[in-house]
Amino acid sequence: MWELRSIAFSRAVFAEFLATLIFVFFGLGSALNWPQSLPSVLQIAMAFGLAIGTLVQALGHISGAHMNPAVTVACLVGCHVSFLRAAFYVAAQLLGAVAGAALLHEITPPNVQGNLAVNALHNNTTVGQAVTVELFLTLQLVLCIFASTDERRGDSLGTPALSIGFSVTLGHLLGIHYTGCSMNPARSLAPAVVTGKFDDHWLVVKAKESPGNPKVQAEDGLGAGPILVQLLKLSGPECTLTLLSFPSSHHLLYS
C-alpha cells in the first residue's frame with residue numbers, strides 16, 4: 001500500500017492512462033472511412049505500429065508503457081510489478097482506451113465514424129479460424145517483447161520500442177483481414193463500449209493451468225504455473241475458449 005503514497009506511482013498510472021488514450025485515438029483514427037480516401041491495410045498497420053513504438057519510447061521510462069492489460073498481467077506473474085500496481089495499470093488502460101475512442105467518436109463526422117474499427121469476424125472467417133489467427137498474432141507479439149527486453153542479450157541491435165512497433169505492424173498486416181486484429185483487450189473494448197457493438201468481441205485474459213487439466217479459474221487466474229493466454233469470444237450466451245501456454249519464467253517488460 002505504500003505505493004499509493006508515491007508520486008512516481010501516480011505518474012506511472014497516469015502515463016498508462018495517457019499512453020493508451022493516445023494509442024487508441026490514433027490507431028482507431030487511422031481506420032476511419034473518409035469518403036475521399038478509404039484506409040488501406042498498410043496505413044492502419046503502420047499507424048498502430050508507429051503509435052506503439054512512439055509511446056514506448058516516450059513513456060516507457062515512466063511506467064513501462066504497457067498499454068495492454070495482457071502485458072500488465074504477464075508482468076505481474078513475472079514479479080515485475082505488484083498486484084496493486086497491476087490493478088491500477090489495467091484500470092488506467094481500460095479508462096484511457098475508452099476515453100480515446102470516445103474522443104475520436106465525438107470529433108469525427110457521423111458519416112465517417114462507421115463502427116469505429118470494432119473487432120469482428122471478416123471475410124467469412126469462422127470462429128475457429130479467428131481464434132487460431134489471434135493466437136498466432138499474440139504469440140509473435142509476446143515473443144518479440146520477451147526477446148527484445150531480455151536483459152541476458154549480449155547484443156545492442158535496435159531498440160525495444162522499434163522492434164515492438166514492427167511486431168504490432170506485422171500482426172495487423174495479417175490480422176486485419178480476419179478479425180480486425182486485436183492483440184489488446186483495451187483496444188477491443190474501447191470502440192465496443194462507445195458504439196455499443198459487442199458482437200464477436202474478443203477479450204484476452206490470463207489464467208493458470210490446473211495439474212493435468214487446463215481450465216479457467218476466474219477467481220484465481222494469476223497463480224503459479226504455466227500462463228495461459230485465453231481468447232474468449234463473447235456472443236450472446238455462448239462462449240468459445242482456446243488456450244495457449246507460455247512458460248511463467250519469462251520476463252515481460254516494455255522498458
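I take a helix here to be a DSSP run of H or I with at least four residues, numbered from the N terminus. The model I am reading is a predicted one.

**Glycine 158.** I looked up where glycine 158 sits and found it in the loop between helix 6 (127-148) and helix 7 (160-175). With a relative accessibility of 56%, glycine 158 counts as exposed, because the cut-off for that class is over 50%. I also checked its distance to serine 148, which lies 10 residues away along the chain, and the two C-alpha atoms are separated by 8.8 Å.

**Helix 1.** I compared the length of helix 1 (residues 7-29) with expectation: its 23 residues should span 33 Å at 1.5 Å a residue, and the end C-alpha atoms, 32 Å apart, agree with that. At the start of helix 1 I noted that a side-chain oxygen of serine 6 comes to within 3.2 Å of the backbone nitrogen of alanine 8.

**Nonpolar patch.** On the surface I found a nonpolar patch formed by Leu42, Met46, Leu50 and Leu173, which together have about 370 Å² of accessible area. Helix 2 (residues 41-63) gives the most to this patch, with three residues. Methionine 46 has its place in helix 2, and at 37% relative accessibility I record methionine 46 as partly exposed. I kept in mind that an α-helix has 3.6 residues a turn, so residues three or four places apart point the same way.

**Cysteines.** I looked for disulfides, taken as cysteine sulfur atoms within 2.5 Å of each other, and the count is zero. Cysteine 75 is buried, with a relative accessible area of 0%, whereas cysteine 79 is exposed, at 69%.

Definitions and conventions:
Residues are numbered from 1 along each chain as its sequence is written. This is a predicted model: local features need pLDDT of at least 70, side-chain atom pairs count only at pLDDT 80 or more; totals for chains, interfaces and linings use all residues. Side-chain values use heavy atoms; hydrogens and water are left out. Patches are made of residues with over 30% relative accessible area and no salt bridge: like charges are joined within 9 Å, nonpolar side chains (Val, Leu, Ile, Met, Phe, Trp, Tyr) within 5 Å. Accessible areas come from the Shrake-Rupley method with a 1.4 Å probe; for residues, only the protein chains shown count as cover. A salt bridge is a side-chain nitrogen of Lys or Arg within 4 Å of a carboxyl oxygen of Asp or Glu. Helices (H or I, at least four residues) and strands (E, at least two) are DSSP runs, numbered from the N terminus. Buried means under 20% relative accessible area, exposed over 50%, partly exposed in between (1.4 Å probe, protein chains only). The expected span of a helix is 1.5 Å times one less than its number of residues. A polar contact is a pair of N or O atoms within 3.5 Å; within protein, one must be able to donate a hydrogen and the other to accept it, and residues adjacent in sequence count only if both atoms are side-chain atoms.
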